[in-house]
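The following report describes selected features of the structure shown here.

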Amino acid sequence: MQRLDELITIRRTEYIDIPQIEELITEDVREAFGRISLLKIIERSVLSLTLVKENKDIIGSICLYDYPIRARAAQESWEAWLQSVIGLPNIDAKNSLFAHLIVIHPVYEETLGMDLCKAIFSILFEVHNIFVMTENSSQFKIVKNSPFKLIEKKNQEEEFLIYVAYRHDVFPVLFARIASVEDNDDLAPLFNSQTDLLRKTYGNYYIAELVEAQNDSLKCVVVECERKAVGFISATTKVNLDLLNKEYDLDVFNGLRKPDEGDVTERPSDMKTVTVPIKQDESYNAKEEQATLQVPSDEVGNSSPSEPDTVDSSPWTRRHLLSEDYTAKSNRETFVPTYCGQPDAFAIQMYAIKPDFETRFIDMLPPLFDQFPGLNYAVISVPRMVPVFPMLRHFVHCRVRRGQDPPGELYVFHRAGLLRDLQVRRTRQSDTEQIDHLLRRMAPIDQALIRQDLKAFVTQGRDRDGAIVISFVAESMGHIIGLIIMREEHNIEWIRAHYDIEEFIYYDHHARNEHATLYHCVVAASFHCRREVFLREVLRLANKTCFYFRILPPYASGTFYDKATLITCLSAFYPVRPRRQIIFPPKETLGVKGPEDALLNSTGFAPAICLTTPKLLTEQRVLLNVRIIVVGASTTGLAVLETLAGCSYINFSNVVLLSEHGLPGDTLELPDKDAEKFLTEDHCFPINLLGQLALRLSVHVIHGKLTAIDRKFKKITIDGERSFSYDYLVITTGLQYHACCPNGADISQMVTTSEAPYLPNRRFSVEFPNCPLPRNLFLINNIHDATKALRWVRTEYLNSINLDDFDIPEWKKKTMQKRRFDSQTDGFGQLNTLHTLSGDASKQRDLIVVYGYNLDAYACVGALLNAGVPGECIAMIHPPRHSHEKPAFEDPEVERVIHTYLAESEIQLGRNFSLARWNDSHMDDVETIEQLAFTSEEKPLKLNCKALFCFHEKTVDYDLFNATNNACLVFDSRLVIDINFHTNDPAIRAAGPVTKLQRIYYNDLWRHELGNSREVGNKLGQQLLRLFNPCAAAPPCPTRDGCHLLPDFEQPKVVSCELPGGYHYLSVTKPALYEPLEKRMIGKDFGRLIKTGRADQGNGYFSLHINQYNLVQSVVCLSKKPFPASNYIRLYNLHERLFNNLVSRFDEGLIPDLFEFFNDVWPLAIYHDRFDEFLGEVRDLLITCPPNVKESLAQKVLDMLVETGEVKPSEIAELKALYEKDGYKRAVEQRLLKFIHYNYNLLPMYAKPDLV
């Protein structure tokens, strides 16, 4: 028997609900709504809700559209038709929804209709009517219960019935009035339930006293239901508008003052400098539509405008960089406009409303504005940690001015937002004058772009490439207050192949002509709260279901898509995750079975893609103003930002990145390819991926270094000058190379390294904090350092040497001379004789010394050779290596090839030398290093030095150490954390190589630096998302780790670079502590190595380590030919049987070259980005117990392992029989075919059943 009093939850419909919903569809439902494709009707709906019982059983669902069923009337013109049928006034798509499906379990259909309607009206406050249309002959019972009513039709010949549910029948009408003292008893419990601070400060009757104090400048309004006050709001005209204008960008609101002739809105000519043009449509709202918080950098970028006009003539994606460069150069303060008019705003002091009436805040605002008839704006300031309540969603979120740090967030609302006469229609030629008025505050280049596209729409309706151009305007009170210009998206297949749009939509249920890309969207700030309604109306009138917006990286110019402008409604769009791409073999290998050229051809620089649909426009993402400062743009830090910015259910408006060089990839020019060769790559965030993420639109950027932390007041100090508040601090700075301080040994006394007076791990910056580094000492920590070093090589070093002084063939000299101007070729191919190190510096040339033994040092040598430096002028010195540290190359074959090339190139190599002195003088008075002295356990060494590249040891930045140590954060050679990334301060998290685990974990060397930095950062980001999860209560204190188990790393450690000799190197290894290969190979659980080729012959050297479980544990590639590294990374941790029985085929001699083997067509599905999901589905199948089977196959294997510790051959035969008998084999095959079918656009080389 069913319980009618049990808890029933109403939530949004999910696709996994479809099987249970289908069971509720009866013949009466089919008769009422016709033939139904449930997946399609849910996918294309504006809003779909589901009723769920406590036991997770689904007992009802409703799917709503903003137009009737297509069989009744066209979706873009149904208003006139409905008016002729029922004759009700004021019915349109903005205030009405139509149920295309409604089902409720028969037991509950008499009672739950009211609950469904109440949920709909609560979610969409602008909706007042819910219509249901059924056939005349239908016996549909749900609509015959409250709150639905049958409407009498004008034309009785129509063969359908119309039912409607009105808002006022579901929600009682709220009455607004001026507050009275008697309301104190109703309102005090409401305020006290949220905070007890007011009562403790002002007493039990603080509301009554506030109401009694009302005058012309202070007003209080309440809303009541059934003669009880359920909401309260008080406002005052005593507002410090000058302070607000100083701290917040209020230019678009004229400083919240009346216009006046004395207003100074432009920088005076004697102070003229560049400012970012303030667009009416981008100067407010959440992070996407704000200019970022930024401290101007002291360093000017690679390119900066010579005149201010350069900013105005550039695409909006480049203006912030041009403005920063020019402002940094001019060293002038940010201009703040001055407004002299009368105040035009009042401030909301107190606001509260009962939870059941939260969406009826709109009933409080009209009477409140009536109390201040001469004022147009309402402002409210809220603390950052306060959750954003429904009223704030309809206010304009003001951006903070550069250099300011106010304690709260400011929101503004214009009284025009109360108007409900919004009309959306196609643009006409006569609208030009009003559109020009709407665009008057925009940058001139943006105005020109919009007018150009508007002309194309009005005159031809098509763009210059033949794409259809569509334009709509929004009108209110006879004035145009919004404009949208879009184009039909012809490259939707390319978008689908490169971006995961199917995370948000079912692609097959949207026609190709239902996708469109927005180029321009302008909405007046006064009507900001109507932007979602405007978008939804345009989608309906244009017969579209998906809107896209492309955002190009700032270094991309001259492309078609940089003709777009920043759209006002960007906060209504969702960022789409870029997909990892397969690197396909050449067409000669693919043949005719490769993907279409349209999918593979690049359209230039890949943009970031944002998406919205009618359903997403009704999604209410949780808005959070909590300020999270991520310190350091390391791979770990970028992964944290990626996780937070890409969250689809939480919208963070205050995520800040503090980095000395800003956001990687956010530059005017692409990095120099030769400079990139100084660095190793981890394949986590390549430059093209950063452009596709467009973090700059969702992350505020501050240039600078963290120098102090004030934990008590939650403030940090930047560059020792400026303080900035935070709510949560995330430290992900990583480790950096630092100038090692010489050990001070006098080599003339033949002192060995062990006898030196100082240890070799001292830092120059610590020992001599007030002394600059020698000008020819280079530390390569990022692309900026590499660019600086490359510039020195090209402009100073190569111009100071004479190639005739070297024993170099003429053909090689010509190549080196060419590299002085164009360093784009590979390393030298000439083989020379090894030149041994000599201790006599008088007989040596001035050398470029590379001091280090790691892979970065070898990459530096390769980059120097590539830049044109002769091998005879390079010396590589290896300092002593600690036993727990990995060498540059674990594979002896790789080490042999590279060291052979160093010898042939006459690059001098020394091992186990420690830096003793430079210039035979004190270290604090050296401007240029001319000589270097080294000690060893044997003979010392002295070299003439032209430059020193130091790769000795990566350690924690000294400024960060001071900041954390002085803040009493636990520091033990690294910043100490637990497995949940917590420091000893609950508001401070940390991750990455800068951290180590607490000593209670009993493993000092198991650190984040062993794992994949992107995986570590994503895990920290997920921890933060759980902290702000709207569906779970926040924990009162940080989660404690009671088990103290070491963290697991699932992703591999990846590193690649170009080594000396033009060798391309890739290493994919399992995260683990270092153990020599020879020692590991002795162990029984090592497995085996599979190797093919030689690095200096054919395709190159390829090595696979396969463990005892036949899983790939490492991949090593070395070749002079480029290879698809991202494909090979996908091999990690996969079973060798997936590679066509790799081991047995190799043993049979059928695989002579692993490069050719893995570059074939057959493994392309393995490289697919969704192959991991397919493997997960297969694992779930094996864990699931089939019908009429008592135990799953996975459980049987587990039982065998528990008993004997292994699976015997006889048991394997038994498992194979069960695999086929119990239906697992068939289920896996079906999942595989489904995977191929679903991704057939990129995998057409595989056969499907319908092709056979």
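## Strand pairing, helix packing and local backbone

Strand S4 (residues 96–104) and S5 run parallel and are joined by four bridges; two strands count as paired if DSSP finds at least two bridges between them. The model is a predicted one, in which local features need pLDDT of at least 70, side-chain atom pairs count only at pLDDT 80 or more, and totals for chains, interfaces and linings use all residues. Residues are numbered from 1 along each chain as its sequence is written, and side-chain values use heavy atoms, with hydrogens and water left out. Helices (H or I, at least four residues) and strands (E, at least two) are DSSP runs numbered from the N terminus.

Strand S5 (residues 129–135) is largely enclosed by the rest of the structure, because six of its seven residues are buried. Here buried means under 20% relative accessible area, exposed over 50% and partly exposed in between, with a 1.4 Å probe and protein chains only. The loop between S5 and strand S6 (149–150) contains Pro 147. The peptide bond leading from Ser 146 to Pro 147 is cis, with omega near 10 degrees.

**The sheet S27-S28-S29**

Three strands, in the order S27-S28-S29, form an open sheet with antiparallel pairing. Strand S27 (706–710) and strand S29 (722–725) stand at its edges with a single partner strand each, so one side of each is left without a neighbour in the sheet. On average, neighbouring strands of this sheet are turned by 25 degrees against each other, direction ignored. Strands of a sheet pair through backbone hydrogen bonds, either parallel or antiparallel.

S27 is joined by four bridges to strand S28 (residues 715–718), and the two run antiparallel. Asp 710 has Lys 715 in S28 as its bridge partner. Four bridges also join S28 to S29, again antiparallel, and there Lys 715 stands opposite Ser 725 in S29. The hairpin of S28 and S29 has three residues between the strands, and in this hairpin Asp 719 takes a positive phi near 55 degrees.

**Helix packing**

Two helix pairs are compared below. Axes are lines fitted to C-alpha atoms, for helices over the stretch in contact, and angles run from 0 to 180 degrees between N-to-C directions.

| Helix pair | Angle | Axis separation |
|---|---|---|
| H21 (residues 635–645) and H30 (residues 1013–1027) | about 40 degrees | 7 Å |
| H38 (residues 1209–1221) and H39 (residues 1224–1238) | about 65 degrees | 4 Å |

The contact of H38 with H39 is made by Leu 1218, Tyr 1219 and Glu 1220 of H38 and by Tyr 1224, Lys 1225 and Val 1228 of H39. Contact means heavy atoms within 4.5 Å. The residues of this contact divide into four nonpolar, no polar and two charged. In this division Ala, Val, Leu, Ile, Met, Phe, Trp, Tyr, Cys and Pro count as nonpolar, Asp, Glu, Lys and Arg as charged, and the others, Gly among them, as polar.

Residues of H21 that meet H30 include Thr 635, Ala 639, Val 640 and Leu 644, and their counterparts in H30 include Val 1016, Gly 1017, Leu 1020 and Leu 1024. By class, the contact of H21 with H30 has seven nonpolar, eight polar and two charged residues. H21 is largely enclosed by the rest of the structure, because 11 of its 11 residues are buried. Glu 642 is one of these buried residues. The cover over them includes strand S20 (574–575), strand S23 (628–631), strand S24 (650–652), strand S25 (655–659), helix H23 (687–693) and H30.

**Individual loop positions**

Most residues other than glycine have a negative phi, and most peptide bonds are trans. Phe 981, although not a glycine, has a positive phi of about 70 degrees. This residue lies in the loop between strand S40 (975–977) and strand S41 (988–990), and Phe 981 counts as buried at 5% relative accessibility.

Asn 1141, also not a glycine, has a positive phi of about 55 degrees. The loop that holds Asn 1141 runs between helix H32 (1125–1129) and helix H33 (1142–1147). With a relative accessible area of 31%, Asn 1141 is partly exposed.

Arg 44 is placed in the loop between helix H3 (38–43) and strand S2 (47–53). Arg 44 is buried, with a relative accessible area of 15%.
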